[in-house]
Amino acid sequence: MPKTLSILVLMTYATTVVAVEKTQELNGIHLRSEKLEKDRTYTGVTERRIPFPIEHVYQGMINFTERCNNELKLKRRFTTQADCKYHNDHLIESFVLRDIRKPHDVREWTDLFLLGRKIYNRGPYGFYELVRIKEFREGKRLQKVTVSLRMLEDSEVRLYTEPKFSRESAFRTSTVTYNLKKLGPQETLVRYEYQATTDHWLLNKEVTVPQVFATISKSMNDQLKATEEEALHRTWEVAAKE
């Protein structure tokens with residue numbers, strides 16, 4: 001390859017892989033935004049100590065169907081219009097699908113199911129997530145749990161079930177991971193990670209990053225608050241039976 005052409009290729013490669021990064025800590029959430037070519041990736045990470053048993057925190061974490069915005073309940077199509085226990089600004093409804101075709105590697109996971117979500121944020125959106133759970137025990141005692149969620153393409157959903165709606169989202173990819181670790185009989189460490197990538201014309205702009213950061217921070221904190229409240233409720237229930 002001629003020298004001038006080699007230099008041009010290297011310069012072109014360099015301009016396509018350089019990412020512009022922004023970081024911020026907002027209400028205990030460590031946030032990062034990176035721009036790579038036409039995509040912008042948003043990441044949120046936090047760790048919290050929750051003063052309740054890991055079993056109760058775990059159940060509070062996966063209590064997906066009881067989180068929504070009750071002001072949007074008239075828009076629900078797949079669940080009842082009864083009030084949810086815990087608020088989520090943009091969530092119309094969530095529903096769990098367990099009667100699905102499962103992959104050959106299902107034995108790697110303690111539990112595996114689909115979660116359908118309908119959202120309203122300046123317009124209606126909807127998508128399915130694959131939920132995979134892995135428990136780590138010493139005997140019968142739960143020590144650690146990993147819960148991972150990944151937004152699916154329509155073609156991926158069809159591998160598991162016939163979708164009730166097509167995917168519509170401002171994000172191309174989205175993943176959530178919760179890692180729970182037992183610290184003691186009444187204390188659980190939660191590491192919560194969120195990441196999403198978008199080529200949406202508005203969410204991609206640098207000027208929009210602070211607004212997206214604020215939305216991610218509030219959503220993650222609302223999730224942790226709902227988890228802690230549900231863990232408290234379950235702890236009280238156990239204590240009342242003793």
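Predicted model: local features only at pLDDT ≥ 70, side-chain atom pairs only at ≥ 80, totals over all residues.

Q: How many bridges join S3 to S11, and in which sense do they run?
A: Strands are DSSP runs of E, at least two residues, numbered from the N terminus. Two of them pair if DSSP finds at least two bridges between them. Here S3 (residues 39-50) and S11 (residues 187-198) run antiparallel and are joined by 11 bridges.

Q: Which residue stands opposite Thr175 in S11?
A: That's Gln195. Strand S10 (residues 173-184) pairs with S11 over 11 bridges, again antiparallel, and the two make a hairpin with 2 residues between them.

Q: Is Ser33 buried or exposed?
A: Burial goes by relative accessible area: buried is under 20%, exposed is over 50%, and partly exposed is in between (1.4 Å probe, protein chains only). Ser33 sits in strand S2 (residues 29-36), and because its relative accessible area is 0%, Ser33 is buried.

Q: What joins the side chains of Ser33 and Arg40?
A: A polar contact is a pair of N or O atoms within 3.5 Å; within protein, one must be able to donate a hydrogen and the other to accept it, and residues adjacent in sequence count only if both atoms are side-chain atoms. The Ser33 and Arg40 side chains make one at 2.8 Å.

Q: How many salt bridges are in the whole structure?
A: You look for a side-chain nitrogen of Lys or Arg within 4 Å of a carboxyl oxygen of Asp or Glu. The search turns up 17. Among them is Glu34 with Arg32, at 3.6 Å from N to O. Glu34 is partly exposed at 25%, and Arg32 is partly exposed at 29%.

Q: Which parts does the pair Glu129 and Arg117 tie together?
A: Their closest N and O atoms are 2.6 Å apart, in a salt bridge. Glu129 lies in strand S8 (residues 124-138) and Arg117 in strand S7 (residues 111-120), so the pair ties together parts that are 12 residues apart in sequence. Glu129 is buried at 4%, and Arg117 is buried at 14%.

Note on methods. Residues numbered from 1 in each chain as written. Heavy atoms only, no water. Helix = DSSP H or I, 4+ residues; strand = E, 2+ residues; numbered from the N terminus.
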